[in-house]
Amino acid sequence: MLPITEKAIRAAFVNASRKEVSDITLPTGFDALDWDALDYLGWRDPKIGRRAYAIIPDGDALVGILFRQADGGTRTRPQCAWCQDVRLPNDVLFYSARRSGASGRNGNTVGTLVCADFQCSANVRNPPPPAYLGFDVEAARQERIVSLRQRAAAFARDVRGA
């Protein structure tokens, strides 16, 4: 992911009001982020409980999404829909996002299961266990990175209604 500025982040949101965008708290350590290790930028708001954000590259555009964390928990350990890591070291939460435009103003939302603190980029960069003799671990890791980018961008398009 290419480095982005605070101004670009605030301008990218497609499903948030001006007030919600002005209330955004940038992630801790924003100035020191390793952009090469990120496929998207996601974080939970430390000031507003149950609110999270993601900035997802989709082609040449950045799509900012405001999420709301679901109130209830899950009975079983779910799998993240974005990184699909079966050896997750972290929790997975259900987040919902208002659709953009008139659809969102009418109350339409879309939801997904995502790593609690948006650790997907780190998860897909961990080498997978060898599945068989001669398994190309590096090729599998690269495929996981590409798949994460595709799934996150597809979710962004779903929120945008594109």
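This report walks through the salt bridges and the nonpolar cores of the structure above.

Keep in mind that this is a predicted model, where local features need pLDDT of at least 70, side-chain atom pairs count only at pLDDT 80 or more, and totals for chains, interfaces and linings use all residues. Residues are numbered from 1 along each chain as its sequence is written, and side-chain values use heavy atoms, with hydrogens and water left out.

**Salt bridges**

Let's start with the charged pairs. The structure holds 13 salt bridges (a side-chain nitrogen of Lys or Arg within 4 Å of a carboxyl oxygen of Asp or Glu). Here are some of them:

| Pair | N to O distance |
|---|---|
| Asp-23 and Lys-19 | 3.0 Å |
| Glu-20 and Arg-98 | 2.9 Å |
| Arg-50 and Asp-71 | 3.5 Å |

Glu-20 pairs with Arg-98. Glu-20 sits in helix 2 (residues 18-22) and Arg-98 in strand 4 (residues 92-98), so this bridge ties together parts that are 78 residues apart in sequence. Helices (H or I, at least four residues) and strands (E, at least two) are DSSP runs, numbered from the N terminus.

How exposed are these partners? Glu-20 counts as buried at 10% relative accessibility, while Arg-98 is partly exposed at 28%. The cut-offs are under 20% relative accessible area for buried and over 50% for exposed, with partly exposed in between (1.4 Å probe, protein chains only).

Over at the Arg-50 and Asp-71 bridge, Arg-50 belongs to the loop between strand 1 (41-44) and strand 2 (51-58), and Asp-71 to the loop between strand 3 (61-69) and strand 4, so the pair links parts that are 21 residues apart in sequence. Arg-50 is partly exposed at 38%; Asp-71 is exposed at 67%. Elsewhere, bridges with shared partners join Glu-20, Arg-68 and Arg-98 into one network.

**Nonpolar cores**

Now for the inside. A nonpolar core is a set of buried Ala, Val, Leu, Ile, Met, Phe, Trp, Tyr and Cys residues joined through side-chain atoms within 4.5 Å. Which members of the largest core touch the most other members? Of its 28 residues, they are Tyr-40, Ile-65, Phe-67, Cys-80, Trp-82 and Cys-120. Helix 5 (137-160) is one of the elements that each supply at least two residues, and helix 5 gives the most, with 6 residues.

Leaving aside neighbours within four places in sequence, Phe-67 is in contact (heavy atoms within 4.5 Å) with residues including Arg-50, Trp-82, Tyr-95, Phe-118 and Phe-155. Apart from this core lies another, of 16 residues, among them Ile-9, Ala-12, Phe-30 and Trp-35.
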